[in-house]
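Open the model in your viewer and keep the selection tool at hand. The stops below run in order.

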Amino acid sequence: MSSVITARQADAAGAEPPARSLHSVPLDDAAEQPRLTDGFHLVLDALKLNDIDTIFALPGIPITDLTRMAQAEGLRVISFRHEQHAGNAAAAAGYLTQKPGICLTVSAPGFLNGLTALANATTNCFPMILISGSSEREIVDLQQGDYEEMDQLAIAKPLCKAAYRVLHAQDIGVGIARAIRSALSGRPGGVYLDLPAKLFAQTMDAAAGKQSLIKVVDPAPRQIPAPEAVERALDLLKGAKKPLILLGKGASYARADADIRALVEKTGIPYLPMSMAKGLLPDTHVQSASAARSYVLQEADVVMLVGARLNWLLSHGKGKTWAQDKGPKQFIQIDIAPTEIDSNVAIAAPVIGDIGSCVAALLAGIDANWPQPPAEWTGAIAERKDKNLSKMAATLAARPSPMSFQSALSVIRDQVKARPDAIVVNEGANTLDFARSIVDMYEPRKRLDVGTWGIMGIGMGFSVAAAVVTGKPVIAIEGDSAFGFSGMEVETICRYNLPICVVVFNNNGVYRGTDVNAGGGADVAPTVFVKNARYDKLMEAFGGVGVHATTADELAKGLADAIASGRPTLINAVIDETAGTESGRITSLNPSTAKKK
Ligand code: ADP
């Protein structure tokens, strides 16, 4: 379909009357009509010009036609049941493709629903653009009570990296170019683009419209680190007795996989992946220190952070986790954001630039004479790893009835080993904690999870995006509570027939299913759900496959069948309802459990 419309089409679409001169054109003589375009088509043309081929959306006023026209123009439109999940899908798509994921919503409530995902994307450094329709400026600014009136731009601003509004059709090209550049350049993040309803129907000359669009050149320019910063980092690393490399999701986003692996292997330094950096090197790699995590964090003398922040997930680089009292610990930090440096503890050697350029520069300084880390250090780590891994192997081999978190996850671990290209999505409390340490990853960017906020509700949105943008099988490992946040999107999964297998770890409640009402009343405790719920029936309701698994063998078969068939599947994995720790592994953040400790 052409993106050029005639004056008559513009009229039929309820467009503003075109410029007066256009009315002099005889309407029944199509050949002589001036060629016009409108806001709808300019938005789509600008996205297409920038190689954006997918939109995650929830239609409604004023963007319903935009979703229809997008499809007509050859874009893929994945339509959701709630905007938060469309937004999460856009964020995950951005992380997986290095192109900003696009989420399209209606005004006020739809915008607000999408905003959680936008803020989460920004927090996690995922590039996405939330495009929301909005009400008319004149009415909103005077607070005269428009349909879904809200000053969306003002609300979005503090929650994302950048926010723009476009009022005139001829500015759409600039608006979209600025949004793309803001989302991708430097530290990636979320961008809000406000498009008032009136804009879509504005018309302009098609040729001028085409000329007004911008193809963004080099949206994420390389940022080369200063040579002296690289030298400082190499000197520090070379002198270390107990060096450690810590890989974060910035490193996996950067797609410098081969150089990162070469850096780790040439230096011989043990490494720890943060959860979404798992698989950057296979978790079974001899230098992985994951199974000796506490030990290496406490003992290391020089730690090189590659695309990882010293936030709460790393105890801010302080305290017992790092045994800072045992002796000075020095940090090298590779990051694209200079203001990240010293945000928690002093960074002895900041290396500012994009990870690809920084790692390449470091590699250039590492030759065959590079001193390998002392054998006492690597040996002590290996010893602890062996001990912890054999302890874990015994737990994983057990087959209790009902299933434990570990027995159920051992099955998933085997399936992921057999299909290392499958993408794992993971959320929950205990389900997250156990899966992160039990399920090994073998390839980069195959694990998507709760990220920097430890957020619940990303499950189905991330799964849909992963399936749509990669075409690979997706295994969503979901706590029953976490699944509830996005569960209705199983209809979306069935509608698009996506190769997603959702495994719900069903232990009847938040953390576990055995709490009692402290007041003795008839209501169940706030953390308890309906007992023995059949989540599998939810998938069946929309034509997918439901599996009720009470044993590890049933779970293994259900998962193998799902991966082989590629059909939408939900496995209700019945877990011992007494299993599960309050707050999972972050009890220290729960005021009551922290006190009891
Ligand atoms: P994790 O949660 O895995 O520890 P974080 O999200 O805390 O990771 O940290 C990611 C870091 O990576 C951020 O500080 C971000 O600025 C940085 N980053 C993201 N992309 C790049 C890139 N291409 N080059 C350099 N740094 C990057």
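Which residues does the UniProt annotation "domain: Thiamine pyrophosphate enzyme TPP-binding" cover? Select residues 430–572, the range given in that unreviewed entry. Keep in mind throughout that this is a predicted model.

**Stop 1: the annotated spans**

Next, select residues 230–362. UniProt lists them as "domain: Thiamine pyrophosphate enzyme central", again from an unreviewed entry. Here the end C-alpha atoms lie 6 Å apart. The content is 33% helix and 17% strand.

Now take residues 39–155. The UniProt record (unreviewed entry) places "domain: Thiamine pyrophosphate enzyme N-terminal TPP-binding" there. This stretch is 52% helix and 17% strand. Its end C-alpha atoms are 24 Å apart.

**Stop 2: the ligand**

How many residues surround the ligand? The shell holds 19 residues, and the closest are Arg187, Lys249, Arg309, Asp335 and Ile355. By type, the shell divides into eight nonpolar, six polar and five charged residues.

Start at aspartate 335: an N or O atom of its side chain is 2.5 Å from an oxygen atom of the ligand. Move to isoleucine 355. A polar backbone atom of this residue sits 2.9 Å from a nitrogen atom of the ligand. Then pick glycine 307, where a backbone N or O atom lies 3.4 Å from a ligand oxygen atom.

Colour the shell by element. Helix α13 (residues 249–253) supplies its largest share, three residues. Then colour by domain. Why does the ligand lie between domain 1 and domain 2? Domain 1 (5–212) and domain 2 (227–381) both give residues to the shell, so the ligand lies between them.

**Stop 3: an aromatic pair**

Searching the whole structure turns up ten aromatic pairs. Select one of them, phenylalanine 405 and phenylalanine 434. The ring centres are 5.4 Å apart and the planes meet at 20°, so this pair is stacked. Show the helices as well. Phenylalanine 405 belongs to helix α19 (residues 405–418) and phenylalanine 434 to helix α20 (residues 430–438), so the pair ties together parts 29 residues apart in sequence.

**Stop 4: backbone details in loops**

Go to the peptide bond from isoleucine 61 to proline 62. This bond is cis, with omega near 5°. Proline 62 sits in the loop between β2 (54–57) and α4 (64–72).

Another cis peptide bond joins serine 401 and proline 402, with omega about -5°. Look for proline 402 in the loop between α18 (375–397) and α19.

Technical notes
Residues are numbered from 1 along each chain as its sequence is written. This is a predicted model: local features need pLDDT of at least 70, side-chain atom pairs count only at pLDDT 80 or more; totals for chains, interfaces and linings use all residues. Side-chain values use heavy atoms; hydrogens and water are left out. UniProt positions are given in the numbering used here, feature names are shortened, and annotations may be inferred rather than shown by experiment. A residue is near a molecule or strand if one of its heavy atoms lies within 4 Å of it. A polar contact is a pair of N or O atoms within 3.5 Å; within protein, one must be able to donate a hydrogen and the other to accept it, and residues adjacent in sequence count only if both atoms are side-chain atoms. Helices (H or I, at least four residues) and strands (E, at least two) are DSSP runs, numbered from the N terminus. Ala, Val, Leu, Ile, Met, Phe, Trp, Tyr, Cys and Pro count as nonpolar, Asp, Glu, Lys and Arg as charged, and the others, Gly among them, as polar. Domain bounds come from an automatic or database domain assignment. Rings of Phe, Tyr and Trp (its six-membered ring) pair if their centres lie within 6.5 Å; planes under 30 degrees apart count as stacked, over 60 as edge-to-face and the rest as tilted.
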